[in-house]
Amino acid sequence: MNFEQFFRSELDGLHEEGRYRVFADLERQRGEFPKARRHTADGVKDVTVWCSNDYLGMGQHPKVIDAMKQAIDHCGAGAGGTRNISGTTHYHVLLEQELADLHGKESALLFTSGYVSNWAALGTLCSRIPGIIVFSDAGNHASMIEGIRHAKCERVIFKHNSVADLEAKLAAADPAAPKLVAFESVYSMDGDIAPIKEICDVAERYGAMTYLDEVHAVGMYGPRGGGIAEREGLMHRLTVIEGTLGKAFGVMGGYIAASAALCDYIRSFASGFIFTTALPPALAAGALASIRHLKESQVERFAHQERVRRLRSALDRNGIPHLPNPSHIVPVIVGDAAKCKWISDLLLDNCGIYVQPINYPTVPKKTERLRITPTPLHSDGDIDHLVGALHQLWSRCALARAVA
């Protein structure tokens, strides 16, 4: 087999479909977010970032940066190994305690990313509990899907956010089998929110554990940033809450929060935890500072919600179609992969606006979109510039307008 020819052919197919991904070479500037510098063949250009998951700009917060600097001055760069051998530092211990408190759980366990925390936790639970059946929302993230697939257990997919379909599938399953329901709070592409209370009601009736991915909600919702489950007073009803340190908290890493026994079980049996070098102490220190700040401060959340409202209002006035949802994610629907990428390229090259196109397989074909994520640091001028550019490109591409 000519492997190089195979690779080129597959890549050519992505180009033809308009799904080939090009990474923008960006350089974030401290204190300037959401502004950044873009490195191109024609030199360095200024851009405004509109698709960052650093939702609250905490990656630029002075408390976070100072905590990381102090930690690296105190501890050095790396963790020194896996947590099991030489890599557990006091910062890891403090951070896990802070996360357990954030979610009202006995314990928490750190991982190197949210992807790894889902893959390792679900993969371990679902492979080691004899006879378990996993009920997984059809809209779940790839990391959850991969963890469940890795477990090779019986799995049942229920319709997205459908409590009725979940109950029907639970009722049809072996009543003696252990069960786990896995779902998310805020779904990252459509921005919709799960009916957590109703899912918990159904799961409890059938004796199922519940596993909630809150990665796009932690820091963003609830009086202390504990997520949608905290906002709705439901954290105590969830067996496992999974989250990330790399989005609203602005740093890097993932975690689960649960009972002491469950966290210890994952710590003791999950290969994705056991054999991975621990997070550097500086990252743990930065996350710790970010969580502590957002537990006390509502300023960032309130400002963020106001920016989202203003952006949606401006899009509506210009007839730019965006999915209505109750979250902070603003999906602007294009519905064509090639046009979606073309608009993204024009925004970047001609307008200094960076927003990546979201195409298949991340979203279904014909639902291609620009996934826009406002932050508290986007100004009125930034919003006007973005919406004005979209208004012109919508006409240029002859795309349908939303009806007011």
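Colleague: Is Cys-263 buried or exposed?

Modeller: This is a predicted model, in which local features need pLDDT of at least 70, side-chain atom pairs count only at pLDDT 80 or more, and totals for chains, interfaces and linings use all residues. Residues are numbered from 1 along each chain as its sequence is written, and side-chain values use heavy atoms, with hydrogens and water left out. Buried means under 20% relative accessible area, exposed over 50%, and partly exposed in between (1.4 Å probe, protein chains only). Cys-263 has a relative accessible area of 2% and is therefore buried.

Colleague: How many disulfides does a search of the whole structure find?

Modeller: A disulfide is a covalent bond between the sulfur atoms of two cysteines. The criterion is a pair of cysteine sulfur atoms within 2.5 Å, and the search finds zero. For Cys-263, the closest cysteine sulfur, in Cys-126, is 15 Å away, too far for a bond. Cys-51 is buried at 18% relative accessibility, and its sulfur is 11 Å from the closest cysteine sulfur, in Cys-340, again too far for a bond.

Colleague: Where is Ser-52 found, and which residues is Ser-52 in contact with, leaving aside its neighbours within four places in sequence?

Modeller: Contact means heavy atoms within 4.5 Å. Ser-52 lies in the loop between strand S3 (43–49) and helix H2 (62–75); helices (H or I, at least four residues) and strands (E, at least two) are DSSP runs, numbered from the N terminus. With those neighbours set aside, Ser-52 touches Arg-28, Phe-33 and Thr-373. At 13% relative accessibility, Ser-52 counts as buried.
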